[in-house]
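Please look through the sequence and the structure shown here before reading on.

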Amino acid sequence: MEETTLDLRDIVKTLKKRSKLIVKVFLAVVIAAAVISFIIPPIYEAETTLRIKQPKGLANSLLGDLPVGNPLGAKFLMSTYAEILKSRTVVQAVIDKTQADKEEPPTYEDMLKRITTQPVMDTEILNVKVQAKSPEEAQLVANTLVETFIDRLTTLVRSEQSTV
C-alpha cells in the first residue's frame, strides 16, 4: 500500500483555490436560513410544573391499589396522571375555555400535538409544556390546562370515594 501525506501548504493552497466556492455556499446557506426564519411564524412555549402526590386516605378506593412508595409505582402514577391530563375530557374543556373566541378553534388532535408532558426523573413532579402562536396564549392554555386537570382529578377522586 502506498502511503499518502498531506502537506499543510497543499491544504492552504486548495482552500485558497476554492475560496470563492466556499464563500458562495456559506452565503447561500445564510440567506436560506434568514428567509426561512422570516417565513415560519414563531412558536412560543409555556411550561408549568405539577407536584403529584398520592393522598394517604385512599386505602379503600381504586387508587389505593396503586403500588405507591416504590419507584415503579411512582412512574406508573405519573404516567396515569399524564394520560388524564391529555384526555379528551380535559383537553376539550381547555379548548372550549380558551379558544372559543377564534374563528376556527383547534381540534382535540391539533391541541394534543401542542401539549407535552414529561415526568421529572425520580420525583413527584410533572412538567407540562404548551406551544402557541403568542406567549399570552401559551400561558393561558397552560394555566387553564392545569386548572382543568386538577378539577377533573378532584371529580374522579370524589366519585371513587362516593362509590366506596
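What follows is a description of a predicted model.

## Overall fold

The protein has six helices and three strands, and when these are read along the sequence they follow the pattern α-α-β-α-α-α-β-β-α. Of the 164 residues in the protein, 27% are buried.

## The nonpolar core

The largest nonpolar core has 27 residues, and those with the most contacts inside it are Leu50, Leu145 and Phe149. At least two residues of this core come from each of strand 1 (44-51), helix 3 (71-85), helix 4 (88-98), helix 5 (108-113), strand 3 (125-132) and helix 6 (135-163). Helix 6 gives the most to this core, supplying seven residues.

When residues up to four places away in sequence are not counted, Leu145 touches Leu85, Val90, Val94, Ile115, Val128 and Val130.

Not counting residues up to four places away in sequence, Leu85 touches Leu50, Val90, Val91, Ile115, Thr117, Val128, Leu145 and Phe149.

## Thr48 in strand 1

Thr48 has its place in strand 1, and its relative accessibility is 17%, so Thr48 counts as buried under the cut-off of 20%. If its neighbours within four places in sequence are left aside, Thr48 is in contact with Leu126, Asn127, Val128, Ala142 and Val146.

## An aromatic pair

In general, a pair of aromatic rings is described by the distance of the centres and the angle of the planes. In this protein the count comes to one aromatic pair. The rings of Tyr81 and Phe149 have their centres 6.1 Å apart and their planes at 80 degrees, so the pair is edge-to-face, a class that applies to planes over 60 degrees apart.

The pair links distant parts of the chain, since Tyr81 lies in helix 3 and Phe149 in helix 6, and the two residues are 68 residues apart. Both Tyr81 and Phe149 are buried, and Phe149 is also one of the residues with the most contacts inside the largest nonpolar core.

## The largest pocket

What volume does the largest pocket have? The volume of the largest pocket is about 290 Å³, and the pocket is lined by 15 residues, of which Lys102, Arg114, Ala132, Lys133 and Glu137 lie nearest its centre. Sorted by class, the lining of the largest pocket consists of six nonpolar, three polar and six charged residues.

Methods:
Residues are numbered from 1 along each chain as its sequence is written. This is a predicted model: local features need pLDDT of at least 70, side-chain atom pairs count only at pLDDT 80 or more; totals for chains, interfaces and linings use all residues. Side-chain values use heavy atoms; hydrogens and water are left out. A nonpolar core is a set of buried Ala, Val, Leu, Ile, Met, Phe, Trp, Tyr and Cys residues joined through side-chain atoms within 4.5 Å. Buried means under 20% relative accessible area, exposed over 50%, partly exposed in between (1.4 Å probe, protein chains only). Helices (H or I, at least four residues) and strands (E, at least two) are DSSP runs, numbered from the N terminus. Contact means heavy atoms within 4.5 Å. Rings of Phe, Tyr and Trp (its six-membered ring) pair if their centres lie within 6.5 Å; planes under 30 degrees apart count as stacked, over 60 as edge-to-face and the rest as tilted. On a 1 Å grid over the protein atoms alone, a cavity is a set of points where a 1.4 Å probe fits but cannot get out, and a pocket is an open set with protein on both sides within 12 Å along at least five of seven lines; lining residues have an atom within 4 Å of a point. Grid points are joined across faces, edges and corners, and a volume is the space filled by probe spheres set on the points. Ala, Val, Leu, Ile, Met, Phe, Trp, Tyr, Cys and Pro count as nonpolar, Asp, Glu, Lys and Arg as charged, and the others, Gly among them, as polar.
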